[in-house]
Amino acid sequence: MEQRIENVVIVGSGPAGYTAALYTARANLDPLVIEGFAWGGLLQQTTDVENYPGFRDGIMGPELMQQFRDQAERFGARLETDDVTRVELSQSGGLHKVYVGDQVHLARAVILAMGAQHRKLGVPGEAELSGRGVSYCATCDAAFFRDAPTLIVGGGDSAMEEAMFLSKFASKVAIVNRRDEFRASKIMLERAQQMPNIEWVTPYVVEEFAPAADGSGSLAVARLRHTIDGSDRELEVTGAFIAVGHEPQSQLVRGQVEIDPAGYVMTKGRSTLASVPGVFAAGDLVDHTYRQAVTAAGTGCQAALDAEWYLRDTPFPLEGAEDVAEAAA
């Protein structure tokens with residue numbers, strides 16, 4: 001039995017994946033979305049989202065992702081709630097293979113939308129207090145800590161950017177860094193140093209986040225350790241923001257598409273085209289800079305349009321496509 005050949009397979013979900021699904025579905029491309037067991041991306045780990053356009057009073061992250069998902073499905077996107085285990089991308093622009101366990105999907109085009117994960121500290125209390133004071137995005141959550149004592153963990157440009165944004169809301173922002181020196185650029189460091197409510201706490205690392213004693217389950221204390229003399233210090237904070245980098249989820253395609261030293265999939269020019277014909281990448285998988293839900297959705301739209309134009313302009317069936325489909329069946 002000859003196997004079905006998909007027009008588009010979208011790997012991953014979140015704002016980029018579901019927006020790509022919506023656009024390709026409305027273009028009558030009948031996309032297959034392999035959304036993963038942990039569908040919805042980082043917004044599934046977020047509480048109130050107040051900066052996504054169209055939701056005046058804000059919306060919970062999981063609810064926003066459910067709406068994205070439902071809208072894509074309404075227009076005909078087919079959703080498979082499973083994890084892609086490997087891919088074989090045709091370097092010549094032929095049919096790509098996307099595996100879910102022993103099952104293989106053949107596709108003329110593939111949109112990669114696996115996203116990125118916040119790099120964690122891995123200390124006690126971090127996971128338990130995530131969403132209850134521990135956050136990974138000041139741009140998203142700073143307004144919840146108005147006039148409150150907070151801290152930022154990190155020493156790079158992202159940490160400085162987060163600290164300056166947070167300083168507009170919080171009464172105090174303590175920047176905790178394991179060294180006295182910072183990886184941040186000189187200009188970013190100087191800008192942060194000019195903020196009167198930013199305190200510099202070095203050289204320390206966070207050893208533990210602890211909840212309030214009143215049983216509310218919210219963050220109350222960050223326990224620190226001096227990296228040289230080993231002494232302990234406690235900071236009373238209600239908000240802690242971890243800014244130690246992101247890890248793009250590009251493991252599936254490493255060695256098959258061009259990836260930069262930080263692990264982000266590289267695209268050509270202003271397009272979403274990866275280094276392999278018929279393969280497109282969107283969202284946090286390609287985004288070093290912005291990493292917002294709205295920008296991820298925008299690149300999902302771009303990837304869908306790029307894929308649509310690619311399919312329109314690429315003759316099919318390809319030579320040997322029937323043989324590949326029969327062999328995979």
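This is a predicted model: local features need pLDDT of at least 70, side-chain atom pairs count only at pLDDT 80 or more; totals for chains, interfaces and linings use all residues.

User: Which are the edge strands of the open sheet of five strands?

Analyst: The order is S10-S17-S11-S12-S13, with parallel pairing. Strands are DSSP E runs of at least two residues and helices H or I runs of at least four, numbered from the N terminus; two strands pair if DSSP finds at least two bridges between them. Pairing on one side only marks the edge strands, S10 (134–135) and S13.

User: At about what angle does H4 run to S11?

Analyst: H4 lies across S11, S12, S13 and strand S17 (239–242). Axes are lines fitted to C-alpha atoms, for helices over the stretch in contact (heavy atoms within 4.5 Å). Angles run from 0 to 180 degrees between N-to-C directions. To S11, H4 runs at about 170 degrees.

User: What do the buried residues of H5 pack against?

Analyst: In H5 (residues 186–193), Met188, Leu189 and Ala192 are buried (under 20% relative accessible area; exposed is over 50%, partly exposed in between; 1.4 Å probe, protein chains only). They fall within an arc of 100 degrees seen down the axis, so they line one face of the helix; the arc is that of the directions from the axis to the C-beta atoms. Their packing partners are helix H4 (157–166) and strand S13 (198–201).

User: Why is the pair of phenylalanine 165 and phenylalanine 169 classed as it is?

Analyst: Rings of Phe, Tyr and Trp (its six-membered ring) pair if their centres lie within 6.5 Å; planes under 30 degrees apart count as stacked, over 60 as edge-to-face and the rest as tilted. Here the centres are 5.5 Å apart and the planes at 45 degrees, so the pair is tilted.

User: How many residues apart in sequence are the parts tied together by phenylalanine 182 and tryptophan 200?

Analyst: These rings form an edge-to-face pair, 5.2 Å centre to centre, with 80 degrees between the planes. Phenylalanine 182 lies in the loop between strand S12 (172–176) and H5, and tryptophan 200 in strand S13, so the pair ties together parts whose separation is 18 residues.

Key:
Residues are numbered from 1 along each chain as its sequence is written. Side-chain values use heavy atoms; hydrogens and water are left out.
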